[in-house]
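Dear colleague,

Please find below the structure that I am handing over to you. I would be grateful if you read the notes that follow with the sequence and the structure open beside them.

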Amino acid sequence: MHCAIPSLSISHPFYTKCSFQFLSRPPGDTPRYCNACEKDVTGFVYHCKTCGFDLHPCCAKLPMVLDDGEVKLYLYRKVSSPCHRCGRKGRSWSYQSACKKYNLHVACVREMLVENWHELYFGGGKGSRKLQSQIPSLKNTLQTAHKRSKGKVKKCCEMAALALQFIISAVLGDPTALIAGVIGALMSRA
């Protein structure tokens, strides 16, 4: 809707001195990024000529509050703590709970919505909450981020061990250790 029926000009509470104009493509020849989500701008954009700020149409219209049914997240222009989904800090806008237990980049919230769109749209609409302000439950957000990083470390260690087996097998000239390592790696993935 934000791209199909755009407002020709908008203002945003985070940029009180700016007047954003809708453009069908980014101005100039240099790559542009959205000041809200830090993703590339390749198509429609709201651009402030005075400040040079750019906003995707969907980012310009982000709700100021999101609700997962238990926790409300409020949109902030700058947050000092890292995102609980990706673990990074950034210049992008973030949603943060009042208790500051949850902090999620705008782009990370979008990824969560894309991953859970079917459940949100078909399965779990509680009451009359609007789809635009619904988000998946945040209960497992912290654990998910930690599980993901442990999985990467484990996978890296497994690959290092397999590489070490290859090197030892090559140096010693013993192909049985090499074959056993490959079979073991294949079986652990299954």
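Two strands are said to pair if DSSP finds at least two bridges between them. With that in mind, Leu 73 stands opposite Ser 97 in E9. Please keep throughout that this is a predicted model.

Overview

The secondary structure of the protein chain comes to five helices and 10 strands. The chain has 190 residues, of which 32% count as buried. Among its contacts with a separation of 6 or more, 44% are made by residues 24 or more positions apart.

The strands around E9

Strand E9 covers residues 94-97. How many bridges join E8 to E9? There are four, and E8 and E9 run antiparallel. E9 is also joined to strand E10 (residues 103-105), by three bridges, and this pair likewise runs antiparallel. In this second pairing, Gln 96 stands opposite Asn 103 in E10. E9 and E10 form a hairpin with five residues between them. Within the turn, Lys 100 has a positive phi of about 65°.

The nonpolar core

In soluble globular proteins, nonpolar side chains tend to be buried together. The largest nonpolar core of this model has 31 residues. Which of its residues touch the most other members? They are Phe 20, Leu 55, Trp 93 and Tyr 95. At least two residues of this core come from each of strand E2 (15-23), strand E5 (45-47), helix H1 (57-60), strand E8 (72-76) and helix H2 (106-115). H2 supplies the largest share, namely five residues. The core lies between domain 1 (9-60) and domain 2 (62-118 + 157-189), because both domains give residues to it.

Strands of a sheet pair through backbone hydrogen bonds, either parallel or antiparallel. Here, four strands form an open sheet in the order E1-E2-E5-E6, with antiparallel pairing. The edges are strand E1 (9-12) and strand E6 (54-55), each of which pairs on one side only. E5 and E6 are joined by two bridges, and the bridge partner of His 47 in E6 is Asp 54.

Leu 23 lies in strand E2. Is this residue buried, exposed or partly exposed? Leu 23 has a relative accessible area of 27%, so it is partly exposed. Leaving aside neighbours within four places in sequence, Leu 23 is in contact with Gly 43, Phe 44, Val 45 and His 47. Leu 23 and Leu 8 are 15 residues apart in sequence, and their C-alpha atoms are 8.3 Å apart in space.

A UniProt annotation from an unreviewed entry, "domain: DC1", covers residues 23-60. The end C-alpha atoms of this span lie 13 Å apart, and the span is 11% helix and 26% strand.

Salt bridges and a buried asparagine

The structure holds two salt bridges. In one of them, the side chains of Arg 32 and Asp 54 meet at 2.6 Å, N to O. Arg 32 belongs to strand E3 (residues 32-33) and Asp 54 to strand E6, so the pair ties together parts that are 22 residues apart in sequence. Both Arg 32 and Asp 54 are buried.

Glu 111 forms a salt bridge with Arg 85, where the closest N and O atoms are 3.8 Å apart. This pair links distant parts of the chain, since Glu 111 is in helix H2 and Arg 85 in the loop between E8 and E9, 26 residues apart. Glu 111 counts as partly exposed at 37% relative accessibility, whereas Arg 85 is buried, with a relative accessible area of 12%.

Lastly, Asn 35 lies in the loop between E3 and strand E4 (40-41). With a relative accessible area of 14%, Asn 35 is buried. Not counting residues up to four places away in sequence, Asn 35 touches Tyr 15, Phe 53, Asp 54, Leu 55, Arg 91, Ser 92 and Trp 93.

With kind regards

Definitions and conventions
Residues numbered from 1 in each chain as written. Predicted model: local features only at pLDDT ≥ 70, side-chain atom pairs only at ≥ 80, totals over all residues. Heavy atoms only, no water. Core = buried A, V, L, I, M, F, W, Y, C linked by side-chain atoms within 4.5 Å. Buried < 20%, exposed > 50% of the residue type's maximum accessible area, 1.4 Å probe, protein only. Domains from an automatic or database assignment. UniProt positions renumbered as here; feature names shortened; annotations may be inferred. Salt bridge = Lys/Arg side-chain N within 4 Å of Asp/Glu carboxyl O. Contact = heavy atoms within 4.5 Å.
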